[in-house]
Amino acid sequence: MNVRTRIAPSPTGDPHVGTAYMALFNWAFARHYGGQFLLRIEDTDTARSTPESEASIFAALQWLGLDWDEGPDVGGAAGPYRQSERREIYAQYAQQLVDREQAFYCFCTKERLDRVRSEQQAAKQTTRYDGCCLGLTADAVAQRVAAGEEHVIRMCVPDVGECTFEDELRGPVTIPFSQIDMQVLVKSDGMPTYHLAVVVDDHLMGITHILRGEEWLNSVPKHVLLYQYLDWPMPKLLHLPLLRNPDSSKLSKRKNPTSILYYRDEGFLPEALLNYLGMMGWSMPDESEIFTKAQMVKAFDEKRISVGGPIFDQAKLAWLNGQYLRQLSASEFIAQTQSWMFNQDRLSHLIPLVQERVEKFSDLAPLVDYLVGARKTLTPDNFLHKTLDRDANVKILHHTSALLDDLRHWEREAIFELCQDLAQALDLKFRDYLFPLFVAISGRGVSLPLFDSLIFLGPDLSRARIRGALDAFSVSGKERKRLDKSLVKVTALLSSGQ
């Protein structure tokens with residue numbers, strides 16, 4: 001068998017370390033067996049997908065050295081490799097499923113679906129589509145479609161029975177069909193959902209082994225049915241354990257920086273990050289902790305993958321990175337340092353911020369320490385302010401962090417406008433509102449211009465510093481829930497333009 005694996009990220013935000021983790025295991029699996037590794041961009045979420053995010057995915061995987069044999073940028077016989085460019089392919093198979101009565105048109109409104117879901121929840125039932133449109137005749141469907149009535153296409157799911165499938169890591173898994181929803185396959189805008197697109201793409205691209213996160217286990221019965229409906233053989237499945245925070249919760253940016261580019265910009269070596277991700281749920285036969293990706297490929301054995309949730313520990317990653325740094329020669333260390341921060345491109349952005357503010361070169365270090373190095377550890381005392389109390393500081397940091405997470409274009413004017421609008425919504429003077437952000441980014445209340453600093457640091461480091469500043473206040477889970485509710489009201493206020 002010619003082994004073919006793939007990684008299929010969505011370009012809807014920062015490239016996640018979980019993506020790098022899955023990419024590494026798919027890459028190592030394919031390379032070990034002499035097969036191919038593919039990159040596919042799942043951009044059917046047209047509202048959230050951006051070219052900038054796609055470019056960040058390419059940059060992150062290239063920085064890590066995970067090369068792909070086929071993809072949007074290198075081509076291949078199974079392309080195109082962006083789902084947005086495969087719409088007609090999905091429509092063909094969706095219609096085939098409808099013609100075979102394995103899928104159906106659904107005209108239910110959001111209001112009706114919400115009402116049914118609420119009734120099912122009240123009755124403590126599994127929330128799923130109730131089959132309202134399942135019995136519509138072909139003539140009735142044709143009339144409603146011709147009249148321009150909004151609709152989706154759903155897949156048929158048996159009312160009784162169960163689905164048993166084999167996971168190469170976990171053995172046989174059984175899930176009753178009563179727990180499986182009649183999944184939407186084609187959305188009202190004509191774009192496919194993940195479930196239709198992933199099955200069609202994996203088959204047409206010849207994927208033989210699917211290595212993905214365990215969160216997809218409960219969706220497998222939908223995919224099994226689609227493979228059966230379309231008379232296609234199903235690839236082998238390996239559901240890898242999810243990365244965890246030190247408290248065993250699912251890895252999240254609230255507790256750990258999750259962007260791959262954060263680790264690049266913070267000064268980690270790609271070899272060290274790959275080495276660490278390789279230790280997540282897998283180990284070398286001799287249990288050695290330091291190994292290259294070539295050594296991982298040679299020794300790779302999927303039977304050594306553990307299904308226990310691996311802990312992504314920042315301290316352990318930093319220790320491992322230190323081991324790699326100390327193995328460098330002096331000339332290699334200089335080259336890596338220059339490549340990381342003191343290269344022509346980075347300096348060309350830094351010098352305009354400081355040239356008018358210095359009288360001698362020794363003035364540079366205290367001005368830019370937080371831009372070229374780690375920001376100092378913060379305490380509540382750093383946020384003491386004549387008009388802002390603790391709760392005001394926390395609200396500013398929390399709300400700004402959340403809104404910056406959703407900012408699609410990291411541009412000075414966009415950031416400035418977002419902050420200005422949020423200050424107004426919080427009924428704060430702009431200067432007061434900016435104070436905790438200065439502290440979060442630079443570690444002090446006065447620094448180089450804030451928005452220029454945000455642009456220089458980039459979205460990953462900036463967002464991580466603002467999120468990290470909240471740690472100084474030991475915000476509890478209950479307080480976070482209150483802040484989340486407050487954010488909903490503020491977001492609604494911003495959306496209304498008031």
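User: Which helix gives the most to the lining of the second largest pocket?

Analyst: α12, with 5 residues. Helices (H or I, at least four residues) and strands (E, at least two) are DSSP runs, numbered from the N terminus. This is a predicted model: local features need pLDDT of at least 70, side-chain atom pairs count only at pLDDT 80 or more, and totals for chains, interfaces and linings use all residues. Residues are numbered from 1 along each chain as its sequence is written, and side-chain values use heavy atoms, with hydrogens and water left out.

User: Which elements each supply at least two residues of that lining?

Analyst: α8 (260-266), α11 (314-327), α12 (330-340), α13 (344-354) and α18.

User: What volume does the second largest pocket have?

Analyst: About 620 Å³. A pocket is an open set of points on a 1 Å grid over the protein atoms alone, where a 1.4 Å probe fits, with protein on both sides within 12 Å along at least five of seven lines. A cavity is a set where that probe fits but cannot get out, and lining residues have an atom within 4 Å of a point. Points are joined across faces, edges and corners, and a volume is the space filled by probe spheres set on them.

User: How many cavities of 30 Å³ or more turn up?

Analyst: The search of the whole structure finds 1. The largest cavity has a volume of about 40 Å³.

User: What lines the largest cavity?

Analyst: Val-198, Val-199, Asp-202, Ile-210, Arg-212, His-223, Tyr-227, Met-234 and Leu-237. Two or more residues each come from α6 (194-204), β8 (209-213) and α7 (220-229). α6 has the largest share, 3 residues.

User: Switching to helix packing. At what angle do α15 and α18 pack?

Analyst: About 155 degrees, for α15 (residues 390-405) against α18 (residues 450-469), with axes 9 Å apart. Axes are lines fitted to C-alpha atoms, for helices over the stretch in contact, and angles run from 0 to 180 degrees between N-to-C directions. That makes the two roughly antiparallel. Angles under 35 degrees count as roughly parallel, over 145 as roughly antiparallel, 65 to 115 as roughly perpendicular and the rest as oblique.

User: Which residues make the contact?

Analyst: Leu-397, Ser-401, Leu-404 and Asp-405 of α15, with Arg-463, Ile-466, Arg-467 and Ala-469 of α18. Contact means heavy atoms within 4.5 Å. By class, the contact of α15 with α18 has 4 nonpolar, 1 polar and 3 charged residues.

User: And α16 with α18, what angle there?

Analyst: About 130 degrees, with the axes of α16 (residues 412-425) and α18 10 Å apart. The two are therefore oblique to each other. Arg-412, Ile-415, Phe-416 and Cys-419 of α16 touch Phe-451, Asp-452, Leu-454 and Ile-455 of α18. That contact has 6 nonpolar, no polar and 2 charged residues.

User: Last pair. How are α1 and α9 set to each other?

Analyst: They are roughly perpendicular. α1 (residues 17-32) and α9 (residues 270-278) pack at about 75 degrees, axes 10 Å apart. Val-17, Ala-20, Tyr-21, Leu-24 and Phe-25 in α1 meet Leu-274, Leu-277 and Gly-278 in α9. The contact of α1 with α9 has 7 nonpolar, 1 polar and no charged residues.

Notes: Ala, Val, Leu, Ile, Met, Phe, Trp, Tyr, Cys and Pro count as nonpolar, Asp, Glu, Lys and Arg as charged, and the others, Gly among them, as polar.
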